[in-house]
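Visitor: Please show me the model, and then let us discuss how its parts are arranged.

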Amino acid sequence: MAAEPPVLLESTGRVAWLVLNRPESRNALNRGTIHALRETLARLREDGEIWAVAVTGAGERAFCAGADLKERRTMNEEQVQDFVASIRGLMDDLASLPQPTVAVMNGAAYGGGLEMALACDLRILDESASVGLTETSLAILPGAGGCARLPRLIGLARAKELILLARRVPAREALEMGLIHRLAPAGGARAAGQALLEELLRNGPLALRAAKRALEAAVDLPLAEALQFEQVCYRSIIPTEDRLEALRAFAEKRPPRFQGR
Ligand code: COA
């Protein structure tokens with residue numbers, strides 16, 4: 001029997017679902033999984049028919065338990081360096097995807113698992129799960145964007161608390177600190193994710209891409225430059241058919257039918 005692929009790609013309408021598919025290893029990221037994810041993301045990036053991307057995990061126990069620690073034990077120092085470079089590359093690929101992205105965390109997310117969610121635009125978490133950047137408990141540090149992204153999202157003081165104490169944060173607390181956007185009922189992350197994606201895609205898909213670009217740039221730029229870049233992004237959507245459709249729909253008191261053009 002052929003081995004199960006480490007990542008499944010399931011498209012529903014305009015949404016591509018990437019499913020981490022190693023539930024027996026709690027969807028830990030090994031070399032094969034990272035390679036498959038990066039290949040799939042490279043294709044999705046160019047796919048104008050896909051308007052949003054969701055990442056979730058197979059099984060109910062974990063979204064992703066981080067780097068595969070069993071594989072790690074077999075690596076020499078050089079191989080660890082290469083692995084860390086590739087997992088960083090994965091997070092950059094995900095963060096720079098033009099489409100909006102949603103991490104649908106169906107269970108625990110630790111280490112690289114949470115870093116993957118931090119590289120997404122929106123995060124939903126099963127209310128019975130916990131998340132954390134627990135690397136220091138393994139005598140390493142978050143090396144796939146965790147140290148850089150977490151303080152930008154929840155502030156330096158909280159990021160230090162989470163990372164230096166290697167805390168496993170329960171879902172409700174993660175919501176309160178702004179680490180995630182929504183809680184899903186236990187066992188219901190996929191359905192809650194689907195509902196969030198439907199809500200997202202009521203909005204113009206090209207506008208979502210442009211708003212994402214403007215927001216991402218805004219965090220790193222001085223205000224005057226961020227405002228200028230926002231204008232550039234705005235200009236890019238003025239000639240779109242979707243903008244005119246939204247105006248027609250408003251006048252006709254009906255929901256718009258966007259085409260992504
Ligand atoms: N790498 C490789 N294998 C992993 C793994 C990881 N990061 N996390 C879990 N697994 C494996 C376990 O070794 C176990 O394998 P076994 O059946 O051969 O013993 C299997 O997945 C199930 O793990 P288990 O701990 O029994 O599952 P659980 O559902 O009770 O708990 C977690 C799930 C994710 C909470 C728990 O596995 C865990 O804390 N993992 C480590 C997470 C971590 O520290 N990540 C940081 C990486 S930098």
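Visitor: Which residue in S9 is the bridge partner of Val-131?
Guide: This is a predicted model, in which local features need pLDDT of at least 70, side-chain atom pairs count only at pLDDT 80 or more, and totals for chains, interfaces and linings use all residues. Residues are numbered from 1 along each chain as its sequence is written, and side-chain values use heavy atoms, without hydrogens and water. Strand S8 (residues 130–132) pairs with S9 in the antiparallel sense over two bridges; strands (E, at least two residues) and helices (H or I, at least four) are DSSP runs numbered from the N terminus, and pairing requires at least two DSSP bridges. The partner of Val-131 in S9 is Val-169.

Visitor: Which are the edge strands of the open sheet?
Guide: The four strands of this open sheet follow the order S4-S6-S8-S9, with mixed pairing. Pairing on one side only marks the edge strands, S4 (62–64) and S9.

Visitor: Against which elements do the buried residues of H6 pack?
Guide: In H6 (residues 156–164), Ala-159, Leu-162 and Ile-163 are buried, that is, under 20% relative accessible area, where exposed is over 50% and partly exposed lies in between (1.4 Å probe, protein chains only). Seen down the axis, these buried residues fall within an arc of 90°, so they line one face of the helix; the arc is that of the directions from the axis to the C-beta atoms. Through contacts (heavy atoms within 4.5 Å), the buried residues of H6 pack against helix H5 (146–154) and strand S9 (169–170).
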